[in-house]
Amino acid sequence: MKLFPRMSREEATARVKAAFDDPSRSEHAVIHAETGSGKTLAFALPLLQRLEGLSTDGTGPLGLVLVPSPELCEQVAAVLAVLDPGCKPQALHGSTSREAQLALARGGGESRVLVATPQSLLKVLGMPVKGAIALLSHVRVVAVDEADFLLSSLRGPVERCLWMAGQPSRADRQARSALAAAAIDAGKPIAELPPPIPRGARPRPVGEPGSATGGSANWAGGRLPRLGRDSSAQFLFAAATLSDTTHRAVGEWFRRHFEGAEVVRTAGAHRAVVGAELSTVVVDSAAAVSAARSAALARGADDEEVSASMATAAQEARLAAVAKAIRGDAASSADGGGGITLVFVNSQAQAEATTAWLQDRLVPAAGAAAASGWGDAVRVEALHQALPKDLRRDVAAELVAAPEEAAGAGAGGSRRSQQPLVLVATDLAARGLDSRSVRHVVNAWLPCDAATFLHRAGRTARAGESGRVTTVVVDKEAGRAAAMLREAAQGGTDTDAPRSYGGGMAGALSRRR
Ligand SMILES: Nc1ncnc2c1ncn2[C@@H]1O[C@H](COP(=O)(O)OP(=O)(O)OP(=O)(O)O)[C@@H](O)[C@H]1O
């Protein structure tokens, strides 16, 4: 069964637009749907729709999208630019030039939508710049992508951004007071004066710990976010992974604070997509580790050296299993090449070490026999936070390039068309990145939790396509791996079954909960 109906961009746009054109629908929504189901369109279209006909006058953006990484920032800005070139989306993240940051602090020029990482946005908001304005005071719509992650790992910065969005600035308040004073001078009755803007826009105390659910669980295990008291902004939160408990808490919080807020959930939310074939490889490293121990003892090594030898042997066994899984790609690849194998590791050090190891084993030295089954074509690259910025940008761009783009003109593209790519990445690449070229995700190490497992797995089999996810574990990790796979197959962690909407995002959005 195809979870996701294939349709043209125009058709998808029309269906999502129609869903949001219903005047009885709330403006605020939580969009909870599986990876690769089109959540970007689901928040981008209503955002753009709300901004239709509004202009910025260079006083700050009207739409704000918060995202967790520079890569996702660029990707979402690119989608918005395609949907509505007139919104001139601006991406703001750690690699944005200082000139662009300063320009933004002064109002952002013609850009109507700002796509930002929370930390970079706060940096710009705090810039001591002459002519700086209350940048977020004119924001009409805020979309929070990967909301579960942002509101847990970056909750402080995100809350501050949410609180400021749509808050009237001091200048707005002063202008309103001046208007009222002039009206009084002109002898107008009190009833006709413009209503004052309440002073001291302090956050209102909402969502005390546990209050939304009556239990201890709430949004991503923490306090629910606060909003500015006078904010008139529309809020759209998108997430692929919310446990049932968190989903309920978030829904309740939204409905309590925004009359009739939508809480949309697809049947596949918090699950691996049906097109992903999940499997586990258990590495039996006991014999290798024991042999390494005996060898180290025989050469008179001290305790530390013995432990190091045993750890190296365990790692060798794990990486050999990873290499075997990757070679399987070459064997099963009908066209003998192309496509990306995305190997996830848990740290930058692991990314570097694994990349070097795989380069050594999969990429043949000049003149040597092919080691991978792909001939001498395969490339192995790393993607992690410590890469030089330009390299990180280029590698990420190659990951998200459309297959036809990758096979087309351009140096990187033509290289990719002939060369399969093995990309060894940290969880920097786990969330949000939309690649249609990833055929196989390999977890070389187990992720820290089930949600991360789902996001890693979600880099393949997107938009109704199929793909494989192989998880390599050693004996003692097998139990945890089995639990993660179970959660991936069953969905949330509670007993109340997710509502079944079917039909992907567009279908879900056309039904009210
Ligand atoms: N109705 C549709 N028909 C075909 N393709 C679609 C449709 N809607 C969206 N897509 C495509 O599906 C892909 C995945 O969309 P998107 O990146 O928005 O997923 P997502 O739900 O945000 O996933 P993740 O949770 O991983 O961030 C994109 O390439 C997008 O262009």
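The predicted model contains an open sheet of six strands, ordered β8-β13-β12-β9-β11-β10 with parallel pairing. Strands are DSSP runs of E with at least two residues, helices are runs of H or I with at least four, and both are numbered from the N terminus. Two strands pair if DSSP finds at least two bridges between them. The edge strands, β8 (276–283) and β10 (379–383), each pair on one side only. From one strand to the next, the twist averages 20 degrees. Eight parallel bridges join β8 to strand β13 (residues 467–474). V283 stands opposite V474 in β13.

Residues are numbered from 1 along each chain as its sequence is written. In this predicted model, local features need pLDDT of at least 70, side-chain atom pairs count only at pLDDT 80 or more, and totals for chains, interfaces and linings use all residues; side-chain values use heavy atoms, without hydrogens and water.

Of the 513 residues of the protein chain, 52% are buried (under 20% relative accessible area, 1.4 Å probe, protein chains only). The largest nonpolar core has 45 residues. Such a core is a set of buried Ala, Val, Leu, Ile, Met, Phe, Trp, Tyr and Cys residues joined through side-chain atoms within 4.5 Å. Helix α2 (residues 39–51) gives the largest share, six residues. Domain 1 (9–188 + 226–265) and domain 2 (276–282 + 326–365 + 374–401 + 418–490) both contribute, so the core lies between them. These bounds come from an automatic or database domain assignment. A second, separate core of 34 residues includes L92, A116, A147 and V250.

Notes: Buried means under 20% relative accessible area, exposed over 50%, partly exposed in between (1.4 Å probe, protein chains only). Axes are lines fitted to C-alpha atoms, for helices over the stretch in contact, and angles run from 0 to 180 degrees between N-to-C directions.
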